[in-house]
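Here is a short briefing on side-chain pairing.

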Amino acid sequence: MNEGRKNCKEYEDFLKERAAIEERYGKDLVSLGKKKPCGQGELNTLKRALDNFKQQIENVGQCHIQLAQILRDEARKMEEFKERQKLQRKKTESVMETVHKQKFLQYKKTMEAKKTYEQRCREKDDAEQAVSRTANNVNQKQQEKLFAKLAQAKVAAEDSDKAYQLNINVLEKIQEDWQNEHIKACVFFEAQECDRINYFRNTVWTHLNQLSQQCVSNDGMYEEVRKSLEQCSIEKDIDFFVERRKTGDTPPAPVPYENYYNSQKNLILGRSQAAAAPRRGQLPVPTNIPSDREYASVDNYSIIQH
């Protein structure tokens, strides 16, 4: 469970770092779309397509900024999940700490009772041996004192024996309670860990769905640009340029010959006179060959090469 908490924290930090990357990328795209010129000298239909292209780049950037916020929300949910499990765990841990402390104190008390019991037994044995050794070597008064000490040692040994057995029984009961609580805690922790693994897995799955949705949204915006590019008309753009920049529809008049000695200026047409230039015909139609590097129409992304 300690490793599980560590793994959740690592994933939370991973999402925060990914959110920061998405936000930086989104802001850079928005700045690119707003500040960087892209075919600003184009005219008519292609200009509208390029304006749409820049706008959609900005929109993609905004989507990445929104994704960054979504990822931060997911990181916050993971943090809340960890805290929620921590609070649930504290209740069980508190009970376990209590029974463990009781078990430890009772064990310590029992060991002390055992030590006292063994000491009293040795004192009783010493008193019995003293009575046996001095049975014929001491006077009556000393013998009575030895018997009194022996009786007192027997009583102390019996009392310590009872106290030792009582502590053993209490320890057994406390240890049984501790074991039951330990089993309950293990069952609870196992269920909590199953819940954590399931939540972790679902969170990663949701994260991937969010990234896939981002790709779908981006492609939808790119599709809008493709549609506007489909509306581009080379002929309309050329005609628009001609109408906007034309200087007239009559060619310049020929330069007349002026004889220096003749006072009358006669117009003598020389070789400089040329016939009026014919009006332009149909525009060439661009080819649609994937290997052609010139401007070409796009069908089924045939011009796109990976």
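The whole structure holds 20 salt bridges, each a side-chain nitrogen of Lys or Arg within 4 Å of a carboxyl oxygen of Asp or Glu. A search of the whole structure for disulfides returns 0. This is a predicted model, in which local features need pLDDT of at least 70 and side-chain atom pairs count only at pLDDT 80 or more, while totals for chains, interfaces and linings use all residues. Residues are numbered from 1 along each chain as its sequence is written, and side-chain values use heavy atoms, with hydrogens and water left out.

- Asp 13 pairs with Lys 9, and their closest N and O atoms are 2.9 Å apart.
- Both residues belong to helix H1 (residues 2-35), where a spacing of 4 residues separates them by about one helical turn. Helices (H or I, at least four residues) are DSSP runs, numbered from the N terminus.
- Asp 13 is partly exposed at 35% relative accessibility, and Lys 9 is partly exposed at 36%. Here buried means under 20% relative accessible area, exposed over 50%, and partly exposed in between (1.4 Å probe, protein chains only).

- Glu 74 forms a salt bridge with Lys 77, with 3.5 Å between the closest N and O atoms.
- The two residues sit 3 residues apart in helix H2 (residues 44-133), so about one helical turn separates them.
- Glu 74 is buried, at 11% relative accessibility, whereas Lys 77 is partly exposed, at 37%.

- Glu 193 bridges to Arg 196, the closest N and O atoms being 2.8 Å apart.
- Helix H3 (residues 140-230) contains both partners, 3 residues apart, about one turn of the helix.
- Arg 196 counts as buried, with 9% relative accessibility.

**Salt-bridge network**
- Which residues are linked in a network of salt bridges? Glu 12, Lys 16 and Lys 82 are.

**Cysteines**
- A disulfide is a pair of cysteine sulfur atoms within 2.5 Å, and the search finds 0 of them.
- Is Cys 8 buried or exposed? Cys 8 is buried, at 2% relative accessibility.
- Cys 194 is partly exposed, with a relative accessible area of 48%.
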